[in-house]
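Please look over the sequence and the structure shown here before reading the briefing, which groups its points by topic.

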Amino acid sequence: MAVTQRRGRRIMMTPEELDAFLAAERTCRVATVSPDGAPHAGTLWFAWDGTSLWLYSTTRSKRWAHLRKDPRIAVVVDTGEEYGELRGVELSGTVEFVGEIPRTGDPCPELDAPERLFAQKVFGLDKMPHDGRHAWLRLTPDAVASWDFRKLAGLGRSS
């Protein structure tokens, strides 16, 4: 995974901060491109396993249709209200479709860990509930850019 930041390196997250941030946050914004080039953005819940972002998307969505034709994606996870609290990560790359489509719960060892993480984080459960309408997308990012404006205070700047 390449760090693509040229500016803002002083406020970027360390790998440990990035992992902790993505493990704690639940909501991301996902950007895809339609076949005619029109952008589409939507929100999803996700799980982070330390290497990949796992997205559980409805298979009858505009997002899913776009990704079937062009699997390139950009995802933003961010938080903060005031300027000096802003933190976030942008991850981009190509998604992979993992497991059955739609997911009904057939055994898939590759999904054991992400489904456990997701079920605990999103539903507070130990086992993933399946509805036969969603399926898994895995983004192992090619590029990552992050920011943590709380670090500005340590740089002698005021927010």
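V75 is in contact (heavy atoms within 4.5 Å) with C28, R29, V30, L53, L55, V89, E90, L91 and L139, when residues up to four places away in sequence are not counted. This is a predicted model, in which local features need pLDDT of at least 70 and side-chain atom pairs count only at pLDDT 80 or more, while totals for chains, interfaces and linings use all residues. Residues are numbered from 1 along each chain as its sequence is written, and side-chain values use heavy atoms, with hydrogens and water left out.

**C28**
- C28 lies in β2, a strand (a DSSP run of E, at least two residues, numbered from the N terminus).
- Leaving out neighbours within four places in sequence, C28 is in contact with G42, T43, L44, F46, L55, V75, V76 and V77.

**S52**
- S52 sits in the loop between β3 (39–48) and β4 (53–58), and S52 counts as buried because its relative accessibility is 4%.
- Beyond its neighbours within four places in sequence, S52 is in contact with A47, R138, L139 and T140.

Notes: Helix = DSSP H or I, 4+ residues; strand = E, 2+ residues; numbered from the N terminus. Buried < 20%, exposed > 50% of the residue type's maximum accessible area, 1.4 Å probe, protein only.
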